Amino acid sequence: MSTEPSELDELGPIDYLVVEFPGSRMTGEGLPLLIDLVDRGIIRILDLIFVKKEQDGTVVGVELADLTGDRQLDLTVFEGVSSGLLGADEIDDVSGILEPGSSAGILVYENVWAGPFAAALRRAGGRLVANGRIPVQDLLASLDAAEAGA
């Protein structure tokens with residue numbers, strides 16, 4: 001048995017997000033920031049796809065080069081990014097929540113920054129029993145309520 005940690009031992013938490021763009025108005029403004037997160041080793045992209053829900057309800061893939069149309073943002077770094085976690089079933093699930101005429105980006109990523117911490121917890125016998133996200137709107141409402149009560 002090897003005493004060297006394997007890449008799987010050091011995996012950080014894996015998250016996904018789906019971002020809908022009503023009216024398919026994608027500017028690509030967030031993509032350089034996503035590239036920066038990857039370049040700095042904060043996240044590792046496992047899957048990234050873009051889809052569009054037509055008015056008749058059909059969902060089609062969108063080529064990365066078609067996102068901004070300005071040809072100034074080099075998205076070739078994302079070409080072929082696929083871990084196999086996103087398949088037809090997941091895309092069908094996403095299509096059910098999109099409005100007709102909208103587009104969406106579907107991103108699956110590893111939180112590389114948390115890998116060493118997660119590995120240490122696993123080595124210590126810890127296991128994840130719950131996790132979640134607090135929406136920004138809920139945080140702001142809580143802060144407003146606390147300020148009003150002070």
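I134 sits in the loop between α3 and α4 (136–149). I134 counts as exposed because its relative accessibility is 70%. The classes are buried (under 20% relative accessible area), exposed (over 50%) and partly exposed (in between), with a 1.4 Å probe and protein chains only. Helices (H or I, at least four residues) and strands (E, at least two) are DSSP runs, numbered from the N terminus.

## Basis of the model

This is a predicted model: local features need pLDDT of at least 70, side-chain atom pairs count only at pLDDT 80 or more, and totals for chains, interfaces and linings use all residues. Residues are numbered from 1 along each chain as its sequence is written, and side-chain values use heavy atoms, with hydrogens and water left out.

## Nonpolar cores

The largest nonpolar core has 10 residues: M26, L31, L34, I43, I45, L48, F50, V81, L107 and Y109. Such a core is a set of buried Ala, Val, Leu, Ile, Met, Phe, Trp, Tyr and Cys residues joined through side-chain atoms within 4.5 Å. Two or more residues each come from α1 (31–39), β2 (44–53) and β4 (103–110). β2 gives the most, with three. Another core, of eight residues, lies apart from this one; V51, L86, V94 and L98 are among them.

L31, L34 and I35 are the buried residues of α1. They lie on the same side of α1, because they cover an arc of only 100 degrees around the axis, taken from the directions from the helix axis to the C-beta atoms. Their cover includes β2 and β4.

G41 follows α1 and has a positive phi, near 75 degrees. S24 lies in the loop between β1 (14–21) and α1. S24 is not a glycine, yet its phi is positive, about 55 degrees.

## A119 in helix α3

A119 belongs to helix α3 (residues 115–123). A119 counts as buried because its relative accessibility is 2%. A119 touches D9 and E10, leaving aside residues up to four places away in sequence; contact means heavy atoms within 4.5 Å. A119 and D9 are 110 residues apart in sequence, but 6.1 Å apart in space, C-alpha to C-alpha.
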